[in-house]
Amino acid sequence: MVSSTDLQETKKFCASFRKYSKAVLDHLCAQAAETGRYLTPDNAIQQLYLLTKVAILGDLPPLSLAMFQRSFMRDQDVIDLEAVLGTKLYRDTYHDAVDAYFRHRPGLDKKGKPGRKAEIELAKSIWKHKAEGRTVPQMQAIFKAEGQHFSTEKIESYLKTRRKPPK
């Protein structure tokens with residue numbers, strides 16, 4: 001039977017392993033990017049796993065070529081890795097590998113945040129015009145002269161108190 005202290009220790013281990021894996025994955029992807037090649041998340045995880053295995057089993061005697069090939073082929077199986085790390089930890093590690101891949105791969109951008117883009121410049125200019133004492137129709141005329149058309153409702157929505165900047 002599993003005790004609550006075992007669960008707490010497991011959670012602590014998973015948290016510390018995740019910090020370690022994030023740092024190592026970021027380093028591996030950065031190192032590969034310097035050479036002009038880019039590690040896929042799967043390859044990055046395989047290298048992380050091999051480095052972790054060496055760190056844990058570092059003082060074992062060297063393997064013969066046949067033993068090395070067998071262990072290397074087994075280590076490349078993602079199912080084994082998932083069994084070693086556990087599904088949740090493996091999933092989190094995979095997400096960290098994908099994030100590191102996007103951080104170090106030029107020209108690839110992750111999708112932006114969902115929802116409407118904030119029009120901060122428009123809000124600031126509306127607030128400035130309001131501070132100068134202009135009305136909504138006057139602001140519409142100014143924006144129309146600049147080649148922009150905003151409805152009365154849109155301009156009024158930026159004048160609501162919940163949108164005003166903090167003082």
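**Briefing: helix contacts and nonpolar cores**

Leu 122, Ser 125, Ile 126, His 129 and Lys 130 of helix α6 are in contact with Met 139, Ile 142 and Phe 143 of helix α7. Of the residues in this contact, five are nonpolar, two are polar and one is charged. The model described here is predicted.

**Geometry of α6 and α7**

- Helix α6 spans residues 120-131 and helix α7 spans residues 136-145; their axes come within 10 Å and cross at roughly 130°.
- Because of that angle, α6 counts as oblique to α7.
- The crossing of α6 past α7 is right-handed.

**Nonpolar cores**

- The largest nonpolar core consists of 12 residues, including Val 24, Leu 25, Leu 28, Leu 39, Ile 45, Tyr 90 and Ala 100.
- Two or more residues of this core come from each of α1 (4-34), α2 (41-56) and α5 (87-104).
- Helix α1 provides the largest share of this core, with five residues.
- Leu 28, a member of this core, touches Leu 39, Ala 44, Gln 47, Leu 48 and Leu 51, when residues up to four places away in sequence are not counted.
- Apart from this core lies another, of 10 residues, among them Ile 126, Val 136, Met 139 and Tyr 158.
- Ile 126 and Met 139 belong to that other core and also take part in the contact of α6 with α7.

**Asp 99**

- Asp 99 is located in helix α5.
- The relative accessible area of Asp 99 is 28%, and this residue is therefore partly exposed.
- Asp 99 and Asp 26 are 73 residues apart in sequence, while their C-alpha atoms are 8.7 Å apart in space.

Key. Residues are numbered from 1 along each chain as its sequence is written. This is a predicted model: local features need pLDDT of at least 70, side-chain atom pairs count only at pLDDT 80 or more; totals for chains, interfaces and linings use all residues. Side-chain values use heavy atoms; hydrogens and water are left out. A nonpolar core is a set of buried Ala, Val, Leu, Ile, Met, Phe, Trp, Tyr and Cys residues joined through side-chain atoms within 4.5 Å. Buried means under 20% relative accessible area, exposed over 50%, partly exposed in between (1.4 Å probe, protein chains only). Helices (H or I, at least four residues) and strands (E, at least two) are DSSP runs, numbered from the N terminus. Contact means heavy atoms within 4.5 Å. Axes are lines fitted to C-alpha atoms, for helices over the stretch in contact, and angles run from 0 to 180 degrees between N-to-C directions. Angles under 35 degrees count as roughly parallel, over 145 as roughly antiparallel, 65 to 115 as roughly perpendicular and the rest as oblique. A crossing is left-handed if the near helix is turned anticlockwise from the far one by less than a right angle, and right-handed if clockwise. Ala, Val, Leu, Ile, Met, Phe, Trp, Tyr, Cys and Pro count as nonpolar, Asp, Glu, Lys and Arg as charged, and the others, Gly among them, as polar.
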